[in-house]
Structure formats: structure tokens, C-alpha cells
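Here is a protein to explore together.

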Amino acid sequence: MPLRPDFLWGGATAANQYEGAFNTDGKGLSVADVTKFRPEIPMTDFAKNQYYTLAEVEAAASDTADDSVLRYAKRHGSDFYHRYKEDIALMAELGFKTFRMSIAWTRIFPNGDDEKPNEAGLAFYDRVFDELEKYNIEPLVTLSHYEPPVNLALNYDGWYDRQVIDFFLKFVNTVVTRYASRVKYWLTFNEVDSMSRHPLTTGAIIEEKFTGRNLEEVYVQAMHHQFVASALATKIIHDIRPEAQVGCMITKRTVYPLTANPSDVLAAQAAERDVYLYSDVQVRGYYPQYYYNQLNQKGITLVKNLGDDEIMRAYPVDFISFSYYSSSCVTTTDKGETDSGNIYSGVKNPYLKTSEWGWAMDPQGLRKSLIDLYDRYQKPLFIVENGLGAIDKVESDGSINDDYRIEYLRTHIREMIRAVEEDGVDLLGYTPWGWIDLVSAGTSQMSKRYGVVYVDCDDYGNGTFNRRKKKSFSWYQKVIKSNGQDL
Ligand code: BGP
């Protein structure tokens with residue numbers, strides 16, 4: 001079977017990296033608004049780029065003045081807040097059937113624990129949905145994409161604190177009630193597996209506040225709260241709009257054994273299990289036994305409230321969405337060169353080239369991911385992030401010849417189509433990450449560009465923010481028009 005005729009081609013973004021207008025119309029500060037571009041840290045050092053001390057977060061939370069000098073790049077994003085009409089017109093020109101966006105929690109509940117929602121924030125998304133409706137573009141909305149209110153990090157313990165479930169569900173109830181008639185596709189937590197990789201942006205957890213504690217136990221607990229919240233959010237959405245479709249969202253890592261040594265094969269299997277844990281819980285509704293065994297071995301206690309297990313079982317997701325950028329290798333031997341640039345450090349795959357940020361480029365790994373996920377769950381899949389972060393050059397005639405990006409997308413889309421046509425995977429859609437340039441989640445760089453549309457802004461926030469089509473724009477337009485036939 002070819003791609004379905006109603007295949008959802010589109011593009012992905014997140015409010016915290018795209019909207020800007022960080023304190024406009026009553027918006028509060030999110031954890032993303034306190035992270036900054038730090039050129040003093042190597043851009044391939046993912047872990048260091050994620051770490052912020054308590055003092056840094058506190059200082060940033062009281063610095064609400066000059067975003068460009070202070071380098072809080074996510075405060076300006078790509079200024080979608082003021083340019084949404086122009087951007088949605090560009091989406092329509094590309095032929096988008098869907099647009100992946102998130103709703104910034106802090107536009108609706110500026111501090112997370114507010115009594116009443118902020119009407120000006122709600123009105124902004126009304127305007128966005130009006131505009132999308134004009135062009136028949138279906139919104140795909142993430143409820144939490146690295147943007148909890150910073151107040152919940154400073155004055156509570158972020159998602160470690162069980163009260164945060166209630167704050168989040170109040171936000172969910174508010175936005176789902178308001179927009180349910182306009183939004184059919186929802187995702188609960190972006191990359192729900194990322195708690196330990198970047199606790200601040202995923203869980204509003206400031207590590208220093210837990211000094212002396214077993215941090216892994218803290219993350220396990222915070223994760224559990226997100227799982228319960230995700231199940232209850234799914235219930236809220238289905239109660240309000242029964243035919244709505246709710247997805248989980250995981251970082252799909254494909255892990256290969258470096259050698260045929262059975263120990264390497266087992267190590268790769270274990271690494272992939274760490275990925276599936278998160279979809280297993282949200283699709284099947286319970287923790288796998290091996291996870292309890294692991295917690296036991298590590299002496300970690302997971303505290304559950306009475307009823308949590310029943311909630312997780314009762315409200316599983318309808319589909320599985322995921323991001324896919326690269327793959328990695330593992331080995332139990334001392335062979336192999338470390339691959340430190342990736343989100344996950346692993347061992348370099350000698351058969352693959354890497355991006356400028358050290359991410360291995362592996363289109364066949366996408367096909368493998370699709371097959372593995374579909375064989376495991378037999379539920380529809382959705383690729384909601386994929387793409388190449390690269391430095392683009394604007395030529396003197398204004399053109400941007402991003403052939404490398406076309407090549408990355410072409411080879412990945414080709415494998416995606418094979419997974420559907422040959423391997424029988426049920427795939428709902430494809431939304432490449434950062435269809436338009438936006439601020440990097442990991443390093444807060446603007447120069448790590450993913451878009452088919454260029455945004456004139458540098459790493460320090462200087463520029464006109466004007467939009468410019470790259471060479472990949474007309475290429476992607478053609479791909480969408482031909483439903484993936486003309487690559
Ligand atoms: C994913 C996130 C996105 C996005 C992307 C690319 O992990 O869900 O928010 O930014 O990665 O990462 P980066 O922006 O660091 O290049």
C-alpha cells in the first residue's frame with residue numbers, strides 16, 4: 001500500500017523555541033526562557049549545555065529586560081507570535097496538511113499555579129487556529145514541550161512534586177475545553193523519555209535543589225507523575241471530544257551492536273528497551289517487569305498513589321509519535337570511538353557520516369524504527385520530528401542552497417515510504433522538525449538551522465527576523481504535492 005491519501009504532511013515546532021514574545025500579553029516565564037546561548041560551552045557537549053545552577057535560574061528569572069544581550073534566545077524565538085499570519089501563509093504555500101505546534105503553558109497559566117487562566121494567551125491560539133482553518137491545515141498540538149513555568153521549578157520541586165499533576169491538568173482542561181472542536185490530534189509530553197537528559201526543561205527540576213539525594217530516584221518519580229498526568233490528559237481529551245486522537249511522543253533511538261559479539265547485541269537490546277519503556281507504559285498502560293527489576297537492583301523506590309496503576313491502564317494513547325534524528329552504536333569491548341556529539345553519546349558507527357553537531361545520519365535507521373515500533377504495538381505511528389541541523393549560507397543574490405538538507409530529507413522520506421509500502425507500517429504523517437528556522441532546544445543556537453524557510457536572526461538575537469525561502473522549500477513543496485512520489 002502507498003502512503004494514505006490523507007497522509008499528514010507538514011512541519012513541526014514548539015512554542016518555547018518558535019513563538020518569542022516571552023513576556024507579551026501576560027505570559028509568564030517558562031524554564032525555556034531561563035536557558036541561554038552559551039558559546040563558552042562546546043556546542044557538541046550536550047550534557048553541559050543542559051546544566052543550570054539554582055543561582056543561574058534565579059538570576060535569569062529576575063532578568064526580564066534585554067533578551068539579546070542576556071542571550072536568552074528562546075525569549076525571542078522566531079517571533080511567530082507576531083508573524084503567525086505570514087508563517088501560516090507559507091505553510092499553505094508548501095501544501096501543509098498539518099502543523100505541529102505546542103501551547104505554551106505560561107501563556108495560559110503564567111505561573112502554573114494561578115487561579116484563573118490568562119484570557120489574552122487563550123485568544124492568541126484562537127487567532128492561530130482561525131488562520132490555520134482558513135487554509136485547511138490541521139493542528140497537531142503538543143501539551144508540554146519543554147516549557148513548564150519556571151515558578152514550578154523555583155517554588156515547588158517541578159514534576160517531582162505531585163501537586164504539579166493537578167496544575168498541569170487544570171491547564172489541559174482549560175485548553176482542551178477551549179479548542180477541542182478545532183484540534184483533533186494531541187500529543188501529551190514531548191520526548192517523555194528526556195527527564196534525566198535535561199531535567200530542567202523536561203521536568204522543571206533544578207538538580208542543585210536535590211543535593212545529597214539519589215537523582216535517578218528523583219527522575220523516576222517525576223517521570224511517574226508525567227505518566228499519570230499523560231493518562232489523565234488522554235481521558236480529559238476523550239471525554240471532551242471522543243473521536244480526538246491522542247499520541248505519546250518518544251525520542252526514537254535506534255541502537256546497533258558495534259560487533260556481532262553477543263554481549264554487544266545484548267547491550268544494544270538493553271539500550272533499545274530503555275527507549276521502549278516510555279512507549280510501553282503509555283501504549284500498554286503499565287510498567288514492564290524488567291523496569292521494576294532494574295529499580296530493585298538500584299535500590300530505587302517508586303512511590304505510587306492508590307489508583308495510579310488503574311489510571312495508567314484505563315487511558316492509553318491512540319497512536320505513537322516520535323522524533324528521529326540519528327542512530328548510535330554500543331559495545332561492551334573497548335573498541336570504537338566515542339560519539340560524544342549526539343543527544344545520546346554512544347560509539348561511532350563506521351558506516352555512517354555525522355552532521356556538524358556530531359549526529360550520525362542514518363535513513364535506514366528510520367525504516368528500522370518504524371518497523372520495530374509497528375511490530376511491537378500494531379498502532380498507527382506518526383513521525384513528528386526529523387531533520388538536519390546545519391549552518392546555512394545566504395549567497396550574495398539572497399539564495400540559500402541547502403542541498404545537504406534536501407539530501408537528508410530525501411533519503412529519510414524514501415526509507416519512510418519503504419516502511420509503509422513494503423513493510424506494512426501504518427503511518428499517519430510526517431512533520432520535519434523546524435520546517436522554519438527556530439532556536440535550538442539543546443544549545444539555544446539560531447545558527448543550527450533545520451528549516452526550509454530561513455529566519456534572519458543570529459545567535460545573539462540580531463537580525464530582521466524576515467523570512468526567506470531556501471532551495472529546500474520548493475523541493476519539499478513538490479514532495480508534498482506528489483504525496484511523496486517525486487523525491
Ligand atoms: C528534539 C526536541 C526539539 C528539537 C530537536 C532538535 O529533541 O523535541 O525541541 O529542538 O530535538 O534538537 P536541537 O534543537 O537541540 O538541535
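In this predicted model, buried residues account for 61% of the 487 residues in the protein. Where does the largest nonpolar core get its largest share of residues? To answer that, begin with the core itself: it has 128 residues, and Phe168, Met416 and Tyr476 are those with the most contacts inside it. Helix α11, residues 215-240, supplies the largest share of this core, with twelve residues.

Leaving aside neighbours within four places in sequence, Tyr476 is in contact with Trp9, Gly10, Leu94, Phe96, Ile413, Tyr430, Pro432 and Val452. There is also a second, separate core of 13 residues, and among them are Val150, Leu200, Ala204 and Ile206.

Now step back to the whole chain. The protein contains 17 helices and 14 strands. Of the contacts between residues at least 6 apart in sequence, 77% join residues at least 24 apart.

How does the overall size compare with that of a compact globule? With 487 residues, such a globule would have a radius of gyration near 23 Å, and the protein's 21 Å agrees with this. Some further values for the whole protein are gathered here.

| Property | Value |
|---|---|
| Span of the C-alpha trace along its principal axes | about 60 × 55 × 50 Å |
| Distance between mean positions of positive and negative charges | 3 Å |

Key: Residues numbered from 1 in each chain as written. Predicted model: local features only at pLDDT ≥ 70, side-chain atom pairs only at ≥ 80, totals over all residues. Heavy atoms only, no water. Helix = DSSP H or I, 4+ residues; strand = E, 2+ residues; numbered from the N terminus. Rg over C-alpha atoms; globule rule 2.2 N^0.38 Å. Buried < 20%, exposed > 50% of the residue type's maximum accessible area, 1.4 Å probe, protein only. Contact = heavy atoms within 4.5 Å. Lys, Arg positive; Asp, Glu negative; His and termini not counted. Charge placed at Lys NZ, Arg CZ, Asp CG, Glu CD. Core = buried A, V, L, I, M, F, W, Y, C linked by side-chain atoms within 4.5 Å.
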